[in-house]
Amino acid sequence: MTETFNPSRHSLPRFRPATAADLCVATPSVPADASNGDVLALFTERRELMTLPVVEDGRPIGLISRNIFMSQMSKPFYQELYGRKSCIAFMDKSPLVVEAGLSIEALTFRAVESGEKALADGFIITRGGQLQGVGFGLQLMNVVANMQAERNRQIMHSIEYASVIQRAMLRASDDALAEALPDAALVWQPRDVVGGDFYHVARHAGGWCAVIADCTGHGVPGAFMTLIASSLLAQALQGCGPRDPAALLAELNRGVKDMLGQHAGGRHGGGASLSNDGLDAAALWFDYTTRRLSYAGARLPLFVLAPGEEACRVLDAGRTGIGYAETPAAHAWPVQTMHLPPGSLLFACTDGLFDQIGGEREISFGKRRVQQLLLEHRDSSAAALAALLADALARWQGGQPRRDDVTYFCCRP
């Protein structure tokens, strides 16, 4: 008897790779010398039978589609003309025939290559050349969908766990921020589950340092870059300390270029690097005693709003990123210093905030809106400002997709 297709039976095997055998449905067959009348009688008796293999000595030579066969035999006088003739008259002489051990992936490619008939009328499954049964396009699509769903589930599980690790890496900075700066807020919003932005905040004798960074990419590639960059940043902090942000960026630049081999012409002149990755960053050092701020930026500016000032000062970050192949290994970022009166507001962010598309005209959020919000709510706490900015960004974004990771840091030192 023909086995009725059960989708649950044809789900992804859990302990071995899926093969064509998992799609095999036992089915009747007819010999090549059977008449069309025999086939008609079989299709009439077995209404669930959708396809019928034709065999010689147990080996399939063709496949008869119920729909095509019944359509032909329903024409006037066709039963009288063809009823006694061999069934090979209406069979597909070149059906898709696959061995039972063929993987589902390979079967899918074979089915697509053979055209629509393999998906619509089915395909023959053999073992050692002998007929085992038939498979159908619906079965194949169901198994492929289940396999893809399982793979996606496993990938998402891995990414979600990677997010736990990434957030754990940032926790020390969250704790340090709460200790060093009571009036501060740090928002980290990856575009995907994991992201390419990261930050570092630490309290030291006499002051605190903060680094906001935006690595190449987002999602999993971006997250890999944050692991590299944050590890190199920790080494740079050990090597040159936190008090000179420009030296910190220079050391980080050399570290990224060395680790990824991104030196012009190859590290030893052996050809160009296979990658061109890096990061943008804003690095700050604040001295408690002198209230002096030191800042160095690589394409991430710093906004400063002092009490009584009517506009934000924007400390320029230049156009040179960190670690990229085109960035010289000896590049020196300038350090900018200033005295901060009590009540001054600092704001730094990655470019995902500025670049987010939205609004009625579907344009970027831009720096001007950020500065306007800081000015309008200059007396609010850093936490309140961060919340207002998050709300403004969400309303601006509307139904537009998130373009990039978004991280921003706001504080009153």
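This report looks at a pocket, a helix and the cysteines of a predicted model.

## Ground rules

Local features here need pLDDT of at least 70, side-chain atom pairs count only at pLDDT 80 or more, and totals for chains, interfaces and linings use all residues. Numbering runs from 1 along each chain as its sequence is written, and side-chain values use heavy atoms, with hydrogens and water left out.

## The second largest pocket

The second largest pocket holds about 230 Å³ of space. (A pocket is an open set of points on a 1 Å grid over the protein atoms alone, where a 1.4 Å probe fits, with protein on both sides within 12 Å along at least five of seven lines; lining residues have an atom within 4 Å of a point. The volume is the space filled by probe spheres set on the points, which are joined across faces, edges and corners.)

Two elements give two or more residues each to the lining: α10 (366-376) and α11 (382-397). The largest share, five residues, is from α10. Helices are DSSP runs of H or I, at least four residues, numbered from the N terminus.

## Helix α11

With 16 residues, α11 reaches 22 Å from first C-alpha to last, close to the 22 Å expected at 1.5 Å a residue (1.5 Å times one less than the number of residues). Its buried residues (under 20% relative accessible area, 1.4 Å probe, protein chains only) include L385, L389 and W396. Just after α11, G398 has a positive phi of about 55°.

## Cysteines

Zero disulfides (cysteine sulfur pairs within 2.5 Å) turn up in the whole structure. The sulfur of C312 has its closest cysteine sulfur in C410, 10 Å away and too far for a bond. C312 is buried at 11% relative accessibility, and C87 is buried at 0%.

Methods: Buried means under 20% relative accessible area, exposed over 50%, partly exposed in between (1.4 Å probe, protein chains only).
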